[in-house]
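Please open the model in your viewer and keep the selection tool at hand.

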Amino acid sequence: MYDQHIQDTAARLAESMADASTRIYGKRLHLPDRKAIIAILNDLRKLFFPAYFGDAGLMALAPEDYAALLLEPIETLLAGQIALALPDGADAAALAREFVEQLPQVHRLLMTDVEALFDGDPAAQNREEVIFSYPGLYAIFVYRVAHELYLRRVPIIPRIMSEYAHSRTGIDIHPGASIGAWFFIDHGTGVVVGETTVIGDHVKLYQGVTLGALSPRAGHASLPGKRHPTVEDNVTIYSGASILGGSTVIGHDSVVGGNAFLTRSVPAGTRVVIQAPEATFKNPNDPFIYNI
């Protein structure tokens, strides 16, 4: 027998489990395996960057044979995990197949991101360094994979992926965000990109940038629809800037300075700064927002 205080505590815990708003205890929960999801990410990285993370002994294969060798177990493992995540698991195989068929497009997008990171960071000695070691690329890789599952309404698994990348890199990109090609994240720590964010092509983010939502006063259901900002093409957002709200649009070819706080839109070609010294007003036609 257990000591009385153990029995009493266990009884109170059981009561709390029974009263919880979500199911806590039982064998029939549809929950994917986090370790299996991470294994899928590792296999996908071997698929996308074989010379870096793949088995060197397989490099003698033709690229299509190498890809097929990895794709089949990835699809099988993913289908099993989707079946655990879905209420009935009926469409798991079809969803896994759709995901696999989209991977060539995901790879093409990722290669634009590699170029953006290399071109945008003079400290990068070569593209190999970017692929091997840059946390921004890893976070973008996981996002692009998770986004395809999010688009297919696969529950839980996309967030397991994105939160794993978050824990590894300090970069939090929700899988629901829509992000264009040539995406650049430098340094990366503390970057947050919310679920309904829309980001165009050739956008650069630096550390500590938040593309977030305004705090919902009425809780979970108070702000349906688009809650996060839109960032158009060719925008640079420097460290510590916070841009909030679903109706906020940063117009194309704009620059948002460090530590800026925006809850309203700015037109294309704007430079946003907290304080603009007189020396910066070299072109009277340049639009500025300052002392914000």
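Select H2 and helix H8 (residues 157–169), which pack at an angle of about 75° with their axes 10 Å apart; axes are lines fitted to C-alpha atoms, for helices over the stretch in contact, and angles run from 0 to 180 degrees between N-to-C directions. H2 is therefore roughly perpendicular to H8, a term that covers angles of 65 to 115 degrees. This is a predicted model, where local features need pLDDT of at least 70 and side-chain atom pairs count only at pLDDT 80 or more, while totals for chains, interfaces and linings use all residues. Residues are numbered from 1 along each chain as its sequence is written, and side-chain values use heavy atoms, with hydrogens and water left out.

Now show the side chains where the two helices meet: Arg34, Ile37, Ile38, Ile40, Leu41 and Arg45 in H2 face Ile157, Ile160, Met161, Tyr164 and Arg168 in H8, contact meaning heavy atoms within 4.5 Å.

Next, select helix H2 (34–48), helix H4 (63–85) and helix H5 (92–120), each of which supplies at least two residues to the lining of the largest pocket. H4 gives the largest share of that lining, five residues. Helices here are DSSP runs (H or I, at least four residues), as strands are (E, at least two), numbered from the N terminus.

Finally, zoom out to the chain, whose secondary structure comes to eight helices and 15 strands. Its C-alpha trace spans about 80 × 60 × 35 Å along its principal axes. Of its 292 residues, 40% count as buried, that is, under 20% relative accessible area with a 1.4 Å probe, protein chains only.

Key: Parallel < 35°, antiparallel > 145°, perpendicular 65-115°, else oblique. Buried < 20%, exposed > 50% of the residue type's maximum accessible area, 1.4 Å probe, protein only.
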